[in-house]
Every structure is written in structure tokens, then in C-alpha cells.
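Open the model in your viewer and keep the selection tool at hand. The tour goes from one stop to the next.

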Amino acid sequence: MNRRAGRGMAPNDGCSAMDHMGCMMNGSFFRRACLVAALLYGAAVTGWAEDGKVGRDGFDLYYKTEGSGSPVVLLSGGPGFDVDYMKEVGGFLPVGYQRIYLEQRGTGRSLPPVLSPDTINVKLWVEDLEALRISLKQERLFLVAHSGGGIYAQAYAAAHPDRVERMILIGPGGPTLEFAQWFGDNLAARQRPEDVRLVAYWDAAESHGVDHEKASNERVRAVTPSYFFDRAKGLAWAAKMPDGSFHARTNELLFADLGKQYDSRPGLRKLRCPVLIVQGHQDPVGDLTAEEIHSAIAGSQLTFLGQCGHYPWVERPDEFRRAVAEFLKKTKG
């Protein structure tokens, strides 16, 4: 089995790593493969307990809270997806944890006056999370991150390994962008003819005057079923994706910056805190991605779930809940 592809996925047989890195720097690869569709969104949710914010340069970084107890910061994927879908993940945390849903820079209400390489980049991304830690008066952060949020969590942990208490990484992007070599191929291998036609339609939409953000959101919706082992669940997830919940320009700017120098492995090797990685075997990110994170973080725990794609809490809720509960029990205190 090719660990890049994961069980049931097609291996990459195309370009070299450098060829793919070149592709990542153009809009087509962003839109159609791993970068734009990289980490999908969920249902709109309501019932937040309280809002908070942290002042940044020229704008406020917002977050939503739920519950009480030990703070847990939840990071959504993309990068570029609104955080609301992570409320479903927060529901798998037991009583005694305060869930803090961060509206990342360039998403939700956390919008700089101008989106540019000067306002949306990895350095500022990491500084935002550090500013949140200080605002919350926490010595260290407990991070729960999905997909592209896993890249965010790793970047922060690599920069501040002494300021992370625990991490749970769910279907995370890698410690480098190596996974981009096979991610798009794995998605393409799963697409049915109707998916291909729909993606092509939205690829062409901008040339007919459709707004870039609108076309990108619909393109992501069209690719969503390819992230799931169970296609019916993937179609249902796509149907409830709120309009405007993906911020394409934010995604593009962050991946462009990540493509220049991102490698969190040196910092992750200094990390000395409990880490759980939950990976679906049919996740297009590939088993190898999770194994590389596991290799970089001493003492980390890697849990694979079979017949499961990029959303373990949707496709394998009982197994996901058990893995999280056991990790929390083992690492309490």
C-alpha cells in the first residue's frame, strides 16, 4: 500500500515535488486541488455562550466561547474556513472544558482592512494565536485543530513549543507541504463524472463574470464528497455548507506564504507535550502525512480509523469520541 494515498486512494504518479510546488503558486492548482478545497466546512450553528476579541493591527481578532472550565482553542481548516463547523467537534469534548472557537485572521469577523501578503501570512498567523494566549491569561494552550487548522497548530507549536499544553490534530495537513504532491490526485481519483462536470463549471464561472469568492465556495462544495469514504455523508455535508463560509483569498495568501519556507519539523522535535493525531485511512491527505507528524513529535499518539475520510467525527463518531476521551483521561493534569 502507498501510504501517501491511504487505503483506497490512488497514488501520485505525476510531477516531482518541485513541479507540484510550482503548480501551487498558480491559481488553477489552488482552485482545483488541495489548496482551495483543502479543508471543508460544515453546518451553520447557533447558541454561542459569549463573544470575545483581541486587538490586532487595524482590526480585532474575534472568538466565540461555549461552556466553562479549562480553555480549549479550536482551529478550523482551509486555511480560510469560518470556525462554526468546529462546534460539532467541540461537542465531543466532555464537561469541564471551555471551548474557544477562534475566527482566524481573514475569516469570519476577523478581517484586516486589506487582504494582502502583508496582512495575511504565517508569521502573523502565529502571532495571532500568541496574542490570544496572552489575552486568555494562559501559560500554555490546549489546541484542537482540523485539517488546515492542523498546519496552523503545528506552526504555532514549532514557534512556541513551551507554550502548548496539549494538541489534538484531526486529519491534519503536514509538517511540510509534501502532501500536496498526492493530495490533488487522491481527490481526483474519487470524483465521479458528475463531480468533474460540476468542478469544471465553477472553474469556468469566473470567466463569465461570477465573483471569485462565490465560484471558489461552489467549487469546494463540488469537491466535498471526495473527502469522504461514505459518499452519502459527503453529499449531505456539502449540502449544508453555508454560502460564503470559505474565504478563498485568505487561503491563497496563506498557502503562497507557506510555500516559501514552511517546515515545522525542527520546532516540533522540541515539543514535549501530549499530542493525539486522528487520521482516517481514506483521507486524501494520506496516512504518510499523519505518520510524518507522529515521527516529528516525540511521544505523540497516532490513531487510525478505517472506512473514514477527512471528517472522523462525522464518519466514525463512536471511535472518534473514544479516542478523544481516552487521550483526555490519560493526559489529565
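How many salt bridges does a search of the whole structure find? The search finds 22, a salt bridge being a side-chain nitrogen of Lys or Arg within 4 Å of a carboxyl oxygen of Asp or Glu. This is a predicted model, in which local features need pLDDT of at least 70 and side-chain atom pairs count only at pLDDT 80 or more, while totals for chains, interfaces and linings use all residues. Residues are numbered from 1 along each chain as its sequence is written, and side-chain values use heavy atoms, with hydrogens and water left out.

Select E66 and K87. Their closest N and O atoms are 3.4 Å apart, in a salt bridge. E66 lies in strand β2 (residues 59–66) and K87 in helix α3 (residues 86–90), so the pair, 21 residues apart, links distant parts of the chain; helices are DSSP runs of H or I with at least four residues, strands runs of E with at least two, numbered from the N terminus. Both residues are buried (under 20% relative accessible area; exposed is over 50%, partly exposed in between, with a 1.4 Å probe and protein chains only).

Next, select E165 and R166, whose side chains meet in a salt bridge at 3.2 Å, N to O. E165 counts as partly exposed because its relative accessibility is 26%, whereas R166, at 4%, is buried.

Now select D263 and R265. This salt bridge has its closest N and O atoms 2.8 Å apart. D263 is partly exposed at 34% relative accessibility, and R265 is partly exposed at 31%. For the last stop, select E130, R133, D162 and R163, which salt bridges with shared partners join into one network.
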